[in-house]
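Thank you all for coming.

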Amino acid sequence: SKVPSITLNNGVEMPQLGYGVWQVPDDEAAQAVTTAIETGYRSIDTAAIYENEVGTGKAITASGVAREELFVTTKLWNNASETWTRDGVLREFDASLAKLGLDYVDLYLIHWPRAMRDDYVAIWKAFGELAQSGRAKAIGVSNFKEPQLRRIIDESGVVPAVNQVELHPQLAQPELRAFHAEHGIATEAWSPLGQGKGLLEVPTIVAIAQKYGKTAAQVVLRWHVQLGTIAIPKSVTPSRIAENFDVFGFELDAEDIAAIAALDEAKRLGPDPEDFDF
Ligand code: NAD
């Protein structure tokens with residue numbers, strides 16, 4: 001495949017560009033994921049809370065692509081105190097596998113740390129059991145900041161393979177990326193296109209796109225590739241699904257990279273993980 005892969009800290013290979021399905025209704029997910037797989041995507045990012053694991057799994061099973069060539073991520077959501085426990089994690093994981101119709105996932109993530117509750121270490125230890133069982137080929141977290149990362153590493157000895165966080169040119173997360181690099185954690189970018197809102201109209205991005213005869217979305221995704229982040233753009237439009245995958249035939253130069261670096265405003269589109277509970 002022309003998509004480079006990132007070697008995770010346990011040796012598992014993860015495609016650097018994948019397809020995200022947040023906000024895709026379950027009855028549209030099978031079609032969308034089928035289009036993505038036909039386009040060439042091999043990594044799919046879903047979550048229990050997206051309520052589209054059934055449709056996503058149908059497309060995976062029907063694709064005819066060998067399971068070992070696909071990389072499937074899902075995430076733990078737990079909104080009841082009796083399931084935000086070790087046993088609850090194991091049950092929620094089984095429920096996700098059943099909905100997906102799979103006997104393993106490639107990556108299982110804690111969706112949010114709920115840091116204010118101070119109980120994510122026990123959840124992370126249960127993830128360690130899932131990794132041991134082989135039914136999650138890799139385990140990681142999402143929306144963790146440095147203090148929570150330090151704590152799970154210190155208290156479990158298990159370093160997450162991935163931290164999936166909001167990351168795009170207007171929220172480039174340099175300090176967190178440096179911490180990840182120091183600890184062997186791969187950085188995965190959610191909302192890599194800034195949710196397709198203002199970012200794709202920023203004059204700097206538009207000018208670089210014109211320079212290469214590419215679209216703004218392609219420039220932003222190319223920036224992720226060169227930064228070394230794993231990006232999982234979402235679209236349900238076949239032409240955009242294809243456009244977002246076609247980012248390996250050009251290269252941003254040092255001047256472009258510097259111009260994009262100047263766009264970082266540390267501006268979040270989503271919630272600050274510090275305050276987010278559910
Ligand atoms: P994104 O940055 O991928 O933007 C998607 C939106 O951008 C689309 O809905 C569309 O409106 C627009 N778009 C897509 N391709 C385009 C193109 N080529 N040209 C113009 N506009 C285009 O945002 P996202 O969906 O928030 O994030 C991607 C994925 O990240 C999600 O689907 C999900 O899998 C994951 N995610 C995870 C978390 C988390 O908490 N872990 C949170 C949000 C998203």
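This is a predicted model: local features need pLDDT of at least 70, side-chain atom pairs count only at pLDDT 80 or more; totals for chains, interfaces and linings use all residues.

**The ligand and its surroundings**

Let me begin with helix α9, residues 238–245, which gives three residues to the shell around the ligand, the most of any contributor; helices here are DSSP runs of H or I with at least four residues, strands are runs of E with at least two, and both are numbered from the N terminus. Residues are numbered from 1 along each chain as its sequence is written.

There are 26 residues around the ligand, and G20, L193, G196, A217 and K234 come nearest, where near means that the C-beta atom, placed from the backbone, lies within 6 Å of the molecule. By type, the shell has nine nonpolar, 13 polar and four charged residues; Ala, Val, Leu, Ile, Met, Phe, Trp, Tyr, Cys and Pro count as nonpolar, Asp, Glu, Lys and Arg as charged, and the others, Gly among them, as polar.

Now to the chain as a whole, which has ten helices and ten strands. Its C-alpha atoms fill a box of roughly 55 × 40 × 30 Å along the principal axes. Of its 278 residues, 44% count as buried, meaning that 20 or more other C-beta atoms, placed from the backbone, lie within 10 Å of the residue's own, whereas 12 or fewer make a residue exposed and anything in between partly exposed.

V220 is one of the residues that touch the most other members of the largest nonpolar core, which has 71 residues; such a core is a set of buried Ala, Val, Leu, Ile, Met, Phe, Trp, Tyr and Cys residues joined through C-beta atoms within 7 Å. Leaving aside residues up to four places away in sequence, V220 touches H168, P169, P192, L193, L199 and I205, and contact means C-beta atoms, placed from the backbone, within 7 Å.

Finally, where in the chain does N143 sit? N143 is in the loop between β7 (136–142) and α5 (146–156), and its phi is near 65 degrees, a positive value in a residue other than glycine. Most residues other than glycine have a negative phi. N143 is buried, because 24 other C-beta atoms lie within 10 Å. A266, in the segment after α10 (254–261), also has a positive phi, of about 50 degrees, but A266 counts as exposed because it has 10 C-beta neighbours inside 10 Å.

Note on methods. Two residues are in contact if their C-beta atoms, placed from the backbone, lie within 7 Å.
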